[in-house]
Amino acid sequence: MIEIEIEKNSISVKGHAGFAEPGKDIVCAAVSTLFQTFIASVEELTADVIIAEIQPGNSLIRYAVLSPVSLYLLNSFIIGVEMIAENYPDNVRVCKH
């Protein structure tokens with residue numbers, strides 16, 4: 001199970017989807033792509049400072065203040081992972097605090 005926790009100043013992604021064997025897991029790939037795209041988009045499209053730590057099964061983004069553009073990107077990320085969680089409820093859970 002991938003658990004995505006969205007808090008005021010951070011996003012954590014922990015675990016593995018377990019949908020398929022490693023390297024062939026479309027659920028893991030989808031979440032990973034959205035996570036990495038969010039990081040790259042904030043870094044390339046804004047002046048906001050985020051700290052990203054990416055490790056298999058345990059990734060984290062921390063930030064202090066996000067600009068309106070970054071908040072828009074964050075909301076897009078949330079919509080994407082919530083859609084994945086809706087379609088794969090046994091593999092992904094999203095918790096917003």
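**View 1. The largest pocket of the predicted model.** On a 1 Å grid over the protein atoms alone, a pocket is an open set of points where a 1.4 Å probe fits, with protein on both sides within 12 Å along at least five of seven lines; lining residues have an atom within 4 Å of a point. A volume is the space filled by probe spheres set on the points, which are joined across faces, edges and corners. The largest pocket has a volume of about 240 Å³. Its lining comprises 16 residues, of which Val13, Ser32, Gln55, Gly57 and Ser59 are the closest to the centre. Two or more lining residues come from each of β2 (10–14), α1 (26–45) and β4 (58–63), and α1 gives the largest share, five residues. Helices (H or I, at least four residues) and strands (E, at least two) are DSSP runs, numbered from the N terminus. This is a predicted model, in which local features need pLDDT of at least 70 and side-chain atom pairs count only at pLDDT 80 or more, while totals for chains, interfaces and linings use all residues. Residues are numbered from 1 along each chain as its sequence is written, and side-chain values use heavy atoms, with hydrogens and water left out.

**View 2. The open sheet.** Five strands are arranged in the order β3-β4-β2-β1-β5 with mixed pairing; two strands pair if DSSP finds at least two bridges between them. Because β3 (50–53) and β5 (92–96) each have a single partner strand, one side of each edge strand is left without a neighbour in the sheet.

**View 3. Pairing of β2 and β4.** These strands run antiparallel to each other over five bridges. Lys14 has Asn58 of β4 as its bridge partner.
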